[in-house]
Amino acid sequence: MHHPKQFFSILKKGGIIAVSFILISSAAAQAATEKTAFKDTNGHWASTYIAWAIDQKLAQGYEDGNFQPNKHVNEAEFLAMLIRAYSLVNESAENDGGWSKPYYDYAANHGWPLSTLKPGGELLRGQAALLLASAAVGKSFSEQSAIQWLLDEKISSGRTSATVNGFNSDGKLTRAEALTFLYNLKLHSNALSETKIQKIDNSLGGISLNDSLQKLEQTLGQPSRIDPSEYGFSWYVYNKSYANLMMFGIQNDRVAALFSNAGGSWNMVSGAAVGQTIDSAKKLLPKTTKTETADDFYAYSTSKDRTTLFIDRQDSSKISGILILDIAYSKASKITYNSKLEAAFEEQLFDLANAERAKRGIPLFIWDKLAAASAHGHSSDMSARGFFDHTNPDGSSPFDRMKAEGVKYHSASENIAAGYPNSIFAHYSWVNSKSGHRETLLSSKLKRLGTGVAIGGSYQVYYTQNFYTP
């Protein structure tokens, strides 16, 4: 087996590489190619880049006279090539940590993103793009944005086309492709950034999981209210602007959960975003061990958190909201219901309805206590008598119940749901409904809303919304 230490050799020429190569005459280039010709590179699309790499002592062939341009590169090899291309490490220094340790130390000191693979694992093209873009610019990228940067800067033209999809991020990086990237990067950047890249976590309004309550309140101020949750933490609700509704779960003065349906407030490491189609988002998501797909959402878990992407199936299957939970709260066994949750869920249903309208420019609902009394009564009745219907066992309709509470309406409507773990999931079931619930939520003709939630019964949680226009 060819040892990686033999594959690379020390580079001492610094930033002269790209310039000197460009000034080579065609005859000299041909001579260099012939000098470094291998049995398997004649006519290969990357033969010029391979000749450049040999000339600069970035790579060498094998004893059998082949270069193996299509052999896959591992992370340690690619990292070493990148750092050697810019003469960033003193390779003459003694080190006891193996041949690749100086390169990993340099990358770690500069905050470069490394894959989760072992150094000997074959590197994917998307992972290589992330490393190149981050090292060149000195800032954090998502994998998609890193690929787009390489395409925009002409460092890559993709594998099948000059698009993010055509780049083939999941393809394994070959020796020929690695050298081509490095050659083009040297043309683009005579030096790599010295800025240490700060790790970016998923964040909402600048707040990430495990941030302190103090940081939350210093950043966003005091919440509009604090609600209990079925998870045991408290929701700090920021709803002064329904176009930017945000909720932060707080447990032991630390952030344990994040939720918002506002696009501009999220910063997701993966590049997933509110307003993006779920199919596009899936291509950016980390390779996870567990995912869950439903009509209304797509969820995935890492060792640290569970992310739920809520989907609007009637708007091109775009992401309509994002919920991130500390992984400790991701199991159903962690959920506990009690009557204290009823008022919290009711207020959240009202907030979510108005947030949905705000981002579409629809006039907001006005809270109505009479409609709320009717809605709460119906949810409690369904829970107690074990039915699920707009018409109760006595034959009373939503309109009968609203009239009984003193509601005088010109037009009215009702939404009901049951069995959803909280108000967020219930809300998105209505958003995706094709049975009139969505139309009611988004109707500009309906002016007032009251919500009612009851805990208990066979479905555990019952939800009702009563809408009307005086």
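A residue counts as buried when its relative accessible area is under 20%, as exposed when over 50%, and as partly exposed in between (1.4 Å probe, protein chains only). By this criterion, 53% of the 470 residues of the protein are buried. The model is predicted: local features need pLDDT of at least 70, side-chain atom pairs count only at pLDDT 80 or more, and totals for chains, interfaces and linings use all residues. Residues are numbered from 1 along each chain as its sequence is written, and side-chain values use heavy atoms, with hydrogens and water left out.

The accessible surface (Shrake-Rupley method, 1.4 Å probe) comes to about 21,300 Å². Carbon and sulfur atoms hold 49% of that surface. Contacts are heavy atoms within 4.5 Å. Of the contacts with a separation of 6 or more, 62% link residues 24 or more positions apart.

The protein has 17 helices and 15 strands. These are DSSP runs, numbered from the N terminus (helices: H or I, at least four residues; strands: E, at least two). Strands pair if DSSP finds at least two bridges between them. Eight strands form an open antiparallel sheet, ordered β3-β4-β5-β6-β11-β10-β9-β8. The twist averages 20 degrees from one strand to the next. Angles run from 0 to 180 degrees between N-to-C directions, with axes fitted to C-alpha atoms, for helices over the stretch in contact.

Within this sheet, six bridges join β5 (residues 246-251) to β6 (residues 254-260). Met-246 has Ser-260 in β6 as its bridge partner. Helix α13 (residues 341-358) packs on the sheet and touches β3, β4, β5, β6 and β11. The direction of α13 makes about 125 degrees with that of β3. Helix α16 (residues 423-431) also packs on the sheet, touching β6, β9, β10 and β11. The direction of α16 makes about 25 degrees with that of β10.

Strand β15 (residues 461-469) is largely enclosed by the rest of the structure, because nine of its nine residues are buried. In a regular strand, side chains alternate between the two faces of the sheet. Both faces of β15 are covered. Buried residues include Tyr-463 and Phe-467 on one side, and Tyr-462 and Tyr-468 on the other.

Strand β13 (residues 411-418) runs antiparallel to β15 over eight bridges. Strand β14 (residues 448-455) likewise pairs with β15 in the antiparallel sense over eight bridges. Tyr-468 stands opposite Ala-412 and opposite Arg-448. Five residues separate β14 from β15 in a hairpin. Gly-456, in the turn, has a positive phi of about 125 degrees.
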